[in-house]
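Dear colleague,

Please find below the structure that I am handing over to you. I would be grateful if you could look through it alongside the notes that come after it.

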Amino acid sequence: MFLSQKKFSSAKQICLGIFLFAVFGSVLAHSQTNEVSQEKIKALISKSFDQPNLKVKTSPIVIEGKVAIADWVQGQKGGRALLRRKHNEWEIIACGGSGFKDPEGIAAIGISREIATNITAKLKDAEAKLSPQQIKQLDSFDGVVNMAHDAKRTPNSKH
């Protein structure tokens with residue numbers, strides 16, 4: 001038995017609707033995941049470093065897969081945090097300054113070169129909106145401090 005032209009057209013529209021929902025639903029879900037990740041990162045940095053009269057401001061945050069870089073400012077100090085997602089939670093693996101704008105600096109901490117290249121490109125785009133003074137403050141963090149549970153502080157860090 002053949003479907004009538006009208007029924008066939010309705011079936012195509014339904015299929016197209018399902019397809020579009022799947023595609024755009026996936027995009028929206030990814031966007032929500034990114035927003036949720038950013039909120040979790042802000043909360044983690046705040047919980048880790050806020051002081052009673054000196055709160056940390058975290059922005060911008062860029063994410064590439066399971067890796068993120070979050071710019072932060074606390075009073076006159078500033079820097080960048082490198083984070084990694086394990087399951088649904090984020091952890092700070094290192095804090096640094098201008099070295100986190102270089103893919104080699106990120107790769108030296110154990111991040112793949114591909115992810116390091118992609119995330120530093122995203123960081124460059126995000127920081128293009130900041131003033132030179134803000135960039136100077138973020139770059140001012142001297143050295144790299146490894147924060148992962150199994151890592152030790154680097155000897156050249158003053159933080």
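This is a predicted model: local features need pLDDT of at least 70, side-chain atom pairs count only at pLDDT 80 or more; totals for chains, interfaces and linings use all residues.

Residues are numbered from 1 along each chain as its sequence is written, and side-chain values use heavy atoms, with hydrogens and water left out.

Overall make-up

The protein contains 4 helices and 5 strands; these are DSSP runs numbered from the N terminus, with helices being H or I of at least four residues and strands being E of at least two. Read from the N terminus, the order of elements is α-β-β-β-β-α-α-α-β. Of the 159 residues, 30% are buried, where buried means under 20% relative accessible area, exposed over 50% and partly exposed in between (1.4 Å probe, protein chains only). The protein exposes about 10700 Å², of which carbon and sulfur atoms supply 58%; accessible areas come from the Shrake-Rupley method with a 1.4 Å probe, and for residues only the protein chains shown count as cover. A contact means heavy atoms within 4.5 Å. Among contacts between residues at least 6 apart in sequence, 47% join residues at least 24 apart.

The sheet

The 5 strands form an open sheet in the order β1-β2-β3-β4-β5, with antiparallel pairing; two strands pair if DSSP finds at least two bridges between them. Strands β1 (57–64) and β5 (145–146) stand at the edges with a single partner strand each, so one side of each has no neighbour in the sheet.

Strand β1 is joined to β2 (residues 67–74) by 6 bridges, and Glu 64 stands opposite Val 67 in β2. Between β2 and β3 there are 8 bridges, with Val 73 opposite Gly 78 in β3. These two strands form a hairpin with 2 residues between them, and Gly 75 in the turn has a positive phi of about 65°. A further 7 bridges join β3 to β4, where Ile 92 in β4 is the bridge partner of Leu 83. The hairpin of β3 and β4 also has 2 residues between its strands, and His 87 in that turn has a positive phi of about 60°.

Helices on the sheet

Helix α3 lies across β1, β2 and β3 (77–86) and runs at about 140° to β1. Helix α4 (residues 132–139) lies across β2, β3 and β4 (89–96), at about 65° to β3. For these angles, axes are lines fitted to C-alpha atoms, for helices over the stretch in contact, and angles run from 0 to 180 degrees between N-to-C directions.

Glu 127

Is Glu 127 buried or exposed? Glu 127 is buried, with a relative accessible area of 6%. This residue is found in α3 (residues 113–127). Not counting residues up to four places away in sequence, Glu 127 touches Pro 60, Asp 71, Arg 80, Lys 101, Ile 135 and Leu 138.

Confidence

The mean pLDDT, the predictor's confidence in each residue from 0 to 100, is 82 for the protein, and 73% of its residues reach 70 or more.

With kind regards
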